[in-house]
Amino acid sequence: MATLRVLYETGAPEQVIEFDPARAPFQHDGQPGSILDVMLGHGVNLEHACGGNCACTTCHVIIREGFDSLAESEEKEDDLLDKAWGLEPTSRLSCQAKVGNSDLVVEIPKYTINYEREGGGNK
């Protein structure tokens, strides 16, 4: 079992999800076992305009605890993250960041850029 604690920069109440990573995928958006997959599969909404396909930055999160337990990012994710508002060294796209067996604390920034709607998505 693992725990995903979700904090909101807006000050909304935090949410805590307890889950078994071995049961992924939890639903159909994002990489199976990603932060987005866990959140959506447990009733916690997170913007993901491109459907979790690594084509925008709307699912940008900041990992406050457990960053080193995540699978490494790939070049496509890194390139998109460069366009995310409020980028920090522990920023990830939640649709790509696969969760392991470690507990995580993620923060949802109050602003995101919907890169797909702004005309910057893949053509």
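Analyst: Confidence first: pLDDT is the predictor's confidence in each residue, from 0 to 100, and a contact means heavy atoms within 4.5 Å. This is a predicted model, where local features need pLDDT of at least 70, side-chain atom pairs count only at pLDDT 80 or more, and totals for chains, interfaces and linings use all residues. Residues are numbered from 1 along each chain as its sequence is written, and side-chain values use heavy atoms, leaving out hydrogens and water. The protein averages a pLDDT of 89, with 90% of the residues scoring at least 70. Over residues 114-123, though, pLDDT stays under 50, and the model has 18 contacts beyond four places in sequence for that stretch.

Now the sheet. Strands (E, at least two residues) and helices (H or I, at least four) are DSSP runs numbered from the N terminus, and two strands pair if DSSP finds at least two bridges between them. Five strands make an open sheet with mixed pairing, running β2-β1-β5-β3-β4. β2 (15-19) and β4 (91-93) each have a single partner strand, so one side of each is left without a neighbour in the sheet. On average, neighbouring strands here are turned by 30 degrees against each other, direction ignored; the axes behind that are lines fitted to C-alpha atoms, for helices over the stretch in contact, with angles running from 0 to 180 degrees between N-to-C directions.
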